[in-house]
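Please look over the sequence and the model before reading on. The paragraphs below go through charged pairs, nonpolar cores and a pocket.

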Amino acid sequence: VELLGGGAVEETVRWRHRSTRPLDPVTGQGDAHVQYAFAAHRATVDVDAELGLVRVVEIATAQDVGRAINPEAVRGQIQGGTAQGLGLALMEELLVVDGVIRNPSFTDYLIPTILDMPPMVVDVLELADPHAPYGLRGVGEPPTISAAPAIVAAIRAATGLPLARVPVRPEHLTGTG
């Protein structure tokens, strides 16, 4: 109040993201997105190939978040996205038979719980995006993309199996399905 007096403070800010252009159809190169997200995961698994059981022992991740305005919320988003990736890799399956969804409720649609989540090592990288307000980047989506392949790659490394689909089910490991 001492600095501003009794008057109102008004300010209008207009922000426009940088221009994009389509990918080149021959080279596949271009500037098609306003912002790119970067995340990497490494999973450690225990596999019982005889029973077809997988336990994720640890997941480590590094993610560029631009600038973490709320660091705890950022870590929570990364952990939540990683949990979704774990679900995709090992549990979640939408069953469709003749165009009809066979598991239309959560009664038999498995999703990870806190008991399914292994210890996580989260490395938050703050490399501000020069083209975004406050240098921010998307946080929740990238780990959903990279966690599942990391888990499946760990299972492949442990078993030597090609594993061409998710979720990885016990019969894929035992050869019974």
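Why does Arg21 count as exposed? The relative accessibility of Arg21 is 51%, so Arg21 falls in the exposed class, where exposed means over 50% relative accessible area, buried under 20% and partly exposed in between, with a 1.4 Å probe and protein chains only. The model is predicted, so local features need pLDDT of at least 70 and side-chain atom pairs count only at pLDDT 80 or more, while totals for chains, interfaces and linings use all residues. Residues are numbered from 1 along each chain as its sequence is written, and side-chain values use heavy atoms, with hydrogens and water left out.

Arg21 forms a salt bridge with Asp31, with 3.9 Å between the closest N and O atoms; a salt bridge is a side-chain nitrogen of Lys or Arg within 4 Å of a carboxyl oxygen of Asp or Glu. Both residues lie in the segment before E1, so the pair ties together parts that are 10 residues apart in sequence. Asp31 is partly exposed, at 24% relative accessibility. The count of salt bridges comes to 9. In one of them Asp46 pairs with Arg55, the closest N and O atoms being 3.0 Å apart. In another, Asp129 pairs with Arg137 at 3.7 Å, and both of these residues are buried. Glu93, Arg165, Arg169 and Glu171 are linked in a network of salt bridges.

In soluble globular proteins, nonpolar side chains tend to be buried together. Here the largest nonpolar core has 19 residues, a core being a set of buried Ala, Val, Leu, Ile, Met, Phe, Trp, Tyr and Cys residues joined through side-chain atoms within 4.5 Å. At least two core residues come from each of strand E1 (38-48), strand E2 (53-64), helix H1 (71-90) and helix H2 (142-159); helices (H or I, at least four residues) and strands (E, at least two) are DSSP runs numbered from the N terminus. H2 gives the largest share, 6 residues. Apart from this core lies another, of 6 residues, including Val74 and Val139.

The largest pocket is lined by 24 residues, and those closest to its centre are Val54, Leu90, Met91, Leu110 and Val168. A pocket is an open set of points on a 1 Å grid over the protein atoms alone, where a 1.4 Å probe fits, with protein on both sides within 12 Å along at least five of seven lines; lining residues have an atom within 4 Å of a point. E2 supplies the largest share of the lining, 4 residues. Leu90 and Val168 are also among the residues with the most contacts inside the largest core.
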